[in-house]
Amino acid sequence: MSALSSRRWPFYLLFVGVAFLTAIADRAPLHLETRFPQVQIDGEFYDYQNGVVEKTLPGPFVYRVLIPYLYKLVTEITDKFSLITFDFALKVLLLTACQLAFFQYLRQFFAKLVALAGVLWFGFLISYSLSYIPGPSVIETIDIFNALVFCMALSLLLKDQLMPFCLLLVVGMMNRETPWILLPTVFLGEWLGNRRFGRVLVVSLALAIPYFGLRFLIETPIPTWFTTHDLMFNIPFMSAEQSYKAIVANVHLLFLLGPLLIISAIRFREHPKFLQIAAAVVPLFVIVHYLFGSIIERRLWMPLYVLLLPLAVHNLSKMCSGETVSE
């Protein structure tokens, strides 16, 4: 073991431990089935899985093929363990990878201890986000992978590695369509920097080809590319019957994102330039999810943690070092 590896293994051990405990907590509601046989926690897991591979779910869910088809491949190769067990192992792997990737991203801006604090904050928010759906869920695994895509994509973009960045986007778009939000980041970076707008075209193709390709190739009874079904649950007073739920959803979101947004916004122009560019898409991200998502489902906000946490960590680290951000 090299000296470098010997210094890093405690970090790896910590990240694996956090990932394992998070996955265990996510799996915990399955034990209710033993105490209450009428409760079927795993039913939704298999309903979603089967709905995607059998193409009975509506869009956009049926177009998010990466994880469900991976699970289908696993069932065709072996029947020695259940898909829920495989999902548990995959969640541990993805959660560990998220922490490692986010740590490496934060290390481009901060010392190790500050970066580690940011990763642990990230892990706390991810763990909370997984508590909305009781028990294991394919949907949550998709969103963890989505967070990993954002961590890795920002690192590659920061290092100006265009081809790996584009390949990652292609894979990410097969998982879910959220990586579209990175296109304005690329455009803004080029506009403020080298103005190599041919790169924006290449990135656009990396996003558009899998997005439109999946929608033309997959036939489903309800070929919806997006839906505004949950709009009444997001915006109060749009529907008299659902206003209370919408208010509750907004209160939950306020406490989830409010501190992050406020701390990140302090002395915004003093943040590293790349972090400013990455965070510039936050308003667009929020608007899109108000229109097409369900804001109370905190799993949807995982990529936003990747965009905002570095800014919040930057400000808090300056406060802790004695340099006030208000000076």
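**Exercise 1. A charged patch**

Which residues form a positive surface patch?

*Solution.* The structure is a predicted model, in which local features need pLDDT of at least 70 and side-chain atom pairs count only at pLDDT 80 or more, while totals for chains, interfaces and linings use all residues. Residues are numbered from 1 along each chain as its sequence is written, and side-chain values use heavy atoms, with hydrogens and water left out.

Step 1. Recall the rule: patches are made of residues with over 30% relative accessible area and no salt bridge, like charges being joined within 9 Å and nonpolar side chains (Val, Leu, Ile, Met, Phe, Trp, Tyr) within 5 Å. Lys and Arg count as positive, Asp and Glu as negative, and His and the chain ends are not counted. The place of a charge is NZ of Lys, CZ of Arg, CG of Asp or CD of Glu. Accessible areas come from the Shrake-Rupley method with a 1.4 Å probe, and for residues only the protein chains shown count as cover.

Step 2. The positive patch consists of R7, R8, R107 and K112.

Step 3. R107 is found in the loop between α5 (83–106) and α6 (112–129). Helices (H or I, at least four residues) and strands (E, at least two) are DSSP runs, numbered from the N terminus.

Step 4. R107 has a relative accessibility of 31% and therefore counts as partly exposed. The classes are buried (under 20% relative accessible area), exposed (over 50%) and partly exposed (in between), with a 1.4 Å probe and protein chains only.

**Exercise 2. The overall fold**

State how many helices and strands the protein has, and describe its dimensions.

*Solution.* Step 1. The protein contains 15 helices and zero strands.

Step 2. Its radius of gyration is 20 Å, close to the 20 Å that the globule rule gives for 327 residues, so the protein is as compact as a globular protein of that length. This radius is taken over C-alpha atoms, and the rule is 2.2 Å times the number of residues to the power 0.38.

Step 3. Along the principal axes, the C-alpha atoms fill a box of roughly 60 × 45 × 45 Å.

Step 4. Of the 327 residues, 48% are buried.

**Exercise 3. A nonpolar patch**

Identify the residues of the nonpolar surface patch and locate I247.

*Solution.* Step 1. F237, I247, V251, L254 and F255 make a nonpolar patch of about 570 Å².

Step 2. I247 belongs to helix α12 (residues 243–265).

Step 3. With a relative accessible area of 37%, I247 is partly exposed.

**Exercise 4. Salt bridges**

Trace the salt bridges of E177 with R64 and R215.

*Solution.* Step 1. A salt bridge is a side-chain nitrogen of Lys or Arg within 4 Å of a carboxyl oxygen of Asp or Glu. The structure holds eleven of them.

Step 2. R64 and E177 form one, at 2.4 Å from N to O. This pair links distant parts of the chain, 113 residues apart: R64 is in the loop between α3 (43–53) and α4 (66–77), and E177 is in the loop between α8 (162–175) and α9 (182–192).

Step 3. R215 also forms a salt bridge with E177, the closest N and O atoms being 3.7 Å apart. R215 lies in helix α10 (residues 197–217) and E177 in the loop between α8 and α9, so the pair ties together parts that are 38 residues apart in sequence.

Step 4. R215 counts as buried because its relative accessibility is 6%. E177, at 18%, is buried too.
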